[in-house]
Amino acid sequence: MFKAFFLATFAAILQVTDGLYFYLDNKSPRCFTETLDSHMLWAVQVWMPDLAEINDYRETDGLVDLFIDVVITELKTEQEVLKDSFESEGSVAFTASQDGGVYRVCFSRSSDKVLTDEDKLDELIRVDFDLEVEQYFEDKKINRDTVVQREHVTDLNEKLKRLKDDIDRINNAFDVEKENEGVIRQMAESNQGRILWLSVIQIAVLCVIGAWEVYYLKNFFISKKIDE
């Protein structure tokens with residue numbers, strides 16, 4: 001009776017509160033339970049606003065980094081259905097089985113060793129969390145067989161990475177081609193200037209030759225006339 005009352009009170013608080021938190025020590029995990037119907041989605045989000053800074057102090061003290069382990073277990077079979085670790089923030093989500101059941105999420109520390117200083121900054125770790133239950137696959141008519149799996153996402157990420165590399169290579173090729181076009185354009189402009197000056201010189205030479213020929217022919221005819 002008391003357990004049912006606690007669960008009902010917790011669910012009511014969860015609906016009206018934007019964020020919940022607790023302080024996690026190094027002695028025992030903190031756990032919460034939820035009854036899920038068939039194919040219900042249970043999403044768990046966690047934030048540890050101080051853990052990254054605490055890990056800096058732990059490294060200085062020669063201790064390993066501290067993580068928050070999130071474990072979801074089916075109570076009937078005591079089977080662990082999901083586990084993940086986070087340092088600053090993260091989320092996990094899973095769907096209940098065909099028959100549904102009671103599930104438990106537990107938060108624990110990856111190490112029970114604490115700092116040796118007087119402040120004991122890591123004796124209690126603040127964990128902000130949010131639990132969300134949604135009638136996911138049944139109400140939204142999503143086919144479980146066509147839901148994107150993690151390996152599919154990994155393959156897609158690799159394909160996107162290869163595509164990005166190809167795009168980078170194409171952009172680099174365009175940049176090289178643009179530089180080559182600039183060099184060719186500069187050479188063409190330089191050659192065009194040289195050709196212009198060559199044309200001017202040729203015209204000047206032709207003018208000098210023409211003037212010399214006129215002068216020569218004029219003197220020739222004058223000398224012929226004098227001889228007659």
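Q: What makes the residues around valine 105 its contacts in this predicted model?
A: Contact means heavy atoms within 4.5 Å. Leaving aside residues up to four places away in sequence, valine 105 touches Arg30, Cys31, Phe32, Trp42, Val44, Val70, Val71, Ile72 and Leu131.

Q: Which residues have the most contacts inside the largest nonpolar core?
A: They are Val46, Val105 and Phe107, in a core of 28 residues. Strand S8 (residues 125–134) gives the largest share of this core, 4 residues. Membership requires burial and side-chain atoms within 4.5 Å.

Q: How do you know that cysteine 31 and cysteine 106 form a disulfide?
A: The cut-off for a pair of cysteine sulfur atoms is 2.5 Å. The sulfur atoms of cysteine 31 and cysteine 106 are 2.0 Å apart, so the pair counts as a disulfide. A search of the whole structure finds 1 disulfide.

Q: What parts of the chain does the pair link?
A: Distant ones: cysteine 31 lies in strand S2 (residues 30–36) and cysteine 106 in strand S7 (residues 101–109), 75 residues apart.

Q: Why is the disulfide of cysteine 31 and cysteine 106 called right-handed?
A: Because the torsion about its S-S bond is about 110°.

Q: Why is cysteine 106 called buried?
A: Buried means under 20% relative accessible area. Cysteine 106 has 14% relative accessibility, so it counts as buried.

Q: What makes cysteine 207 exposed?
A: Exposed means over 50%. The relative accessible area of cysteine 207 is 51%, so cysteine 207 is exposed.

Q: What is the order of the 4 strands in the open sheet?
A: The order is S2-S7-S4-S5, with antiparallel pairing.

Q: Why do S2 and strand S5 (79–86) stand at the edges?
A: Each has a single partner strand, so one side of each is left without a neighbour in the sheet. From one strand to the next, the twist averages 20°.

Q: How do you know that strand S4 (residues 68–74) and S5 pair?
A: Pairing needs at least two bridges. S4 and S5 are joined by 7 bridges and run antiparallel, so they count as paired. Isoleucine 72 stands opposite leucine 82 in S5.

Q: What share of the residues of the protein chain counts as buried?
A: Of its 228 residues, 22% do. The protein chain exposes about 17000 Å², of which carbon and sulfur atoms supply 56%.

Definitions and conventions. Residues are numbered from 1 along each chain as its sequence is written. This is a predicted model: local features need pLDDT of at least 70, side-chain atom pairs count only at pLDDT 80 or more; totals for chains, interfaces and linings use all residues. Side-chain values use heavy atoms; hydrogens and water are left out. Buried means under 20% relative accessible area, exposed over 50%, partly exposed in between (1.4 Å probe, protein chains only). Accessible areas come from the Shrake-Rupley method with a 1.4 Å probe; for residues, only the protein chains shown count as cover. Helices (H or I, at least four residues) and strands (E, at least two) are DSSP runs, numbered from the N terminus. Axes are lines fitted to C-alpha atoms, for helices over the stretch in contact, and angles run from 0 to 180 degrees between N-to-C directions.
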